[in-house]
Amino acid sequence: MLPNANTPKTDSGSQNGKRPFHSPSPQSNKKQKLMNGSAHSYVQLQEERQQLPIYSARKKLLQQVQRLASAIVIGETGSGKTTQIPQFLYEAQMHRNHLIACTQPRRVAAMTVAERVAAEKGAEVGELVGYCVRFDDMTNENTRIKYMTDGMLLREAILDPILKRYSIVILDEAHERTVHTDVLFGVVKAAQKQRKNRGLMPLKIIVMSATMDVDHFSQYFGDAPVLYIQGRQFPVEVLYATEPQSDYLFAALVTVFQVHKDAPPNEDILVFLTGQEEIESAVKSIKDIAQDLSQDYPPLVVCPMYAALPAYHQLRVFQPTPKGSRKVIVSTNIAETSVTIHGIKHVIDTGMVKAKSYNAGSGLDLLRVQRVSQAQAWQRTGRAGREAPGSCYRLYTEPEFGKMNINAVPEIQRCNLASVVLQLLALGISDVLSFDFMDKPSKDSLEAALQQLEWLGAVAVADCSAQGKLKLTAVGKQMAAFPLDPKLAKILLVAREHNCLDEMLTIVALLSVESILHTPQNKRDEAVAARKKFVSPDGDHLTMLNIYRAYKSFNGSKQWCFENYVNGRNLKLAAEVRKQLHEISCRLQLPSNSCGRDTTPIRKCLTAGLFMNSAELQKEGKYATLITRKAVAIHPSSSLFMCKPACVVYTELVQTTKCYMRDVCVVDPDWLTEAAPKCFKKKKMST
DNA sequence: GAGCACTGC
């Protein structure tokens, strides 16, 4: 998806608030540059390996892993831990002819690191060294070192909770604390214990991180020893605002031009802002101001950077700056971890980020602009010292920095846990509330997730007491087989009763990718007009199905996508997801069939999964959700906006200026009681 | 009568 220039981050910057960045030796600097090239001879690669800082820690690490069950490795940027540690373990025969897994939070990282390590081993990727990510398994029976996404290992654990194919599991980038990594912590720890109790081959666990919160990891893994590995980060001068800034956007603009005035040309600037709209407007302001500058200033190239930006626009960020000019990149936190941009000398950190927070009580996800954590601030700072010394302008004061959270709240404490809980149950962990999380999610959010699963018919209480053991039902087991939110998995399973699996596979695939609509701000009316022919009176799900069918009938033509204002990239992804879901439904022996032109079966299936997301029209012409009686409205982007159907289900709620329902479908209220008699009966009794 | 940080199976 992204170009080669986008080197994924495999090692992470220092996040220690107290420790200054330290300089690398000149020699290692030269080697670092070599490493960034592409074609190397085997001999060259072996020489480079021995120059890495981690090489000197090799013996100690091997001894520790030999002797103990678990180890923590703290390694800074460029230490080479991700590429070297799996090789050290393999070369020392510690894999015992089983697999060494090394998990990554991101696909691109798993793939490119595997390529690199395979080259170092003088082999093709997919043989001794392989990778496994969704849609792409590059391993075979000879594979011993396997890079994979953390979500992939979690999927495998459902089929095999003690992970018998693996002798060593390395959890890399642990400081990022993704939901998948956090669940894996508990899963590998339990697998290790199980194997020990049953007298099986031990499972060694290595946690690799760039965090300052080392003790937390160590304690969780039985006081595992911690190995520190020096990195190769250049010093970055940190400058704080002298007084608090009320307008971070304005402060950012002023700072950009201050740096532009004082710094030599060819020293590029990276600015961290929070979102697409803010970035586009800042880019425009910078361009406008730059136009009015005198000829004494170097020319300015301004690039926006955010995930939703079309790939060919993203490319610009990676192109080298012409000699004598300066590049300013205005980015979301995508440049914090997911992409590495070369040539950055100055970082401007507004200290703000847009992050998701979840309210278990209302079940509402919402995106909020908030302060970054200290760890994130150091991560941003580190982006200025990748290739040479740099500077970082913090648009907040030092006391303000001191008041920030040391680490970000782990994702598992701020998201809907229905998927996680379903997976834990599928792993055979019945006592979800007391699962050994490194940082426990709140009891409320675990209970809300269980409630949802019970309503969907995925779990049943095995005995009558309130604290009774929970068990997955047959339906729950089938739901867990799909890489989907439980609501969407349920939609697929009920399709067998309504004979419309073909349609539901498409709709669910479309719901699990980002928007397939492309609506440029200045061409909104044209886009709406072009897509009018696809609109279904039954709502957005059916409209999307129409678009997908048309897309397929034009063989995914790019021209067609362009003319109809739909996002070809996301439609293609949906087709890929659909294929995977189809394979799983074949494995579960769900009958493949179509309902033709009748939309009723489709809407009944949607109701069976989305009944918790239902709303009815009130007398005064506004909507209220059925379960929580919350005031909501149809999102203006919906094909049902302006229509007033009596009863609807929706995919999700988004809170902006109002609480909006997104992806709305017209349903019959009787279908709701049919789909979840317990849920709606219960509601009537309590009101 | 509006707007969407970032990943991942």
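A base nitrogen of DNA strand B is 3.0 Å from a polar backbone atom of Pro483.

The model is predicted, with local features requiring pLDDT of at least 70 and side-chain atom pairs counted only at pLDDT 80 or more, while totals for chains, interfaces and linings use all residues. Residues are numbered from 1 along each chain as its sequence is written, chains are lettered from A and ligands numbered from 1 in the order in which they are written, and side-chain values use heavy atoms, with hydrogens and water left out.

A residue is taken as near the strand if one of its heavy atoms lies within 4 Å of it. There are 32 residues around DNA strand B, of which Arg107, Ala307, Lys354, Arg524 and Thr656 come nearest. Sugar or phosphate accounts for 63% of the atoms of DNA strand B within 4 Å of the protein, and bases for the rest. The surface near DNA strand B has 12 nonpolar, 12 polar and eight charged residues, where Ala, Val, Leu, Ile, Met, Phe, Trp, Tyr, Cys and Pro count as nonpolar, Asp, Glu, Lys and Arg as charged, and the others, Gly among them, as polar. Helices (H or I, at least four residues) and strands (E, at least two) are DSSP runs, numbered from the N terminus. At least two residues of this surface come from each of α6 (150–159), β14 (352–359) and β23 (659–666); α6 gives the most, with three residues.

The unreviewed UniProt entry places "domain: Helicase ATP-binding" at residues 62–230; UniProt positions are given in the numbering used here, feature names are shortened, and annotations may be inferred rather than shown by experiment. This span is 40% helix and 24% strand, with its end C-alpha atoms 17 Å apart. An open sheet of eight strands has the order β4-β3-β5-β2-β6-β7-β1-β8, with mixed pairing; two strands pair if DSSP finds at least two bridges between them. Because β4 (136–138) and β8 (226–229) each have a single partner strand, one side of each edge strand is left without a neighbour in the sheet. Neighbouring strands of this sheet are turned by 20° against each other on average, direction ignored. Axes are lines fitted to C-alpha atoms, for helices over the stretch in contact, and angles run from 0 to 180 degrees between N-to-C directions. Strands β6 (residues 166–171) and β7 (residues 204–209) run parallel and are joined by four bridges, with Val207 in β7 as the bridge partner of Leu171. Helix α5 (residues 107–120) packs on the sheet, touching β2 (99–104), β3 (129–133), β4 and β5 (145–149), at about 170° to β3; contact means heavy atoms within 4.5 Å.

The unreviewed UniProt entry also gives "domain: Helicase C-terminal" at residues 255–428, a span that is 34% helix and 25% strand, with end C-alpha atoms 54 Å apart. Six strands form an open sheet with parallel pairing, in the order β9-β16-β13-β10-β12-β11. Its edge strands, β9 (236–240) and β11 (300–305), each pair on one side only. Parallel strands β13 (residues 344–349) and β16 (residues 390–394) are joined by four bridges, and Val347 stands opposite Cys392 in β16.

Definitions and conventions. A polar contact is a pair of N or O atoms within 3.5 Å; within protein, one must be able to donate a hydrogen and the other to accept it, and residues adjacent in sequence count only if both atoms are side-chain atoms.
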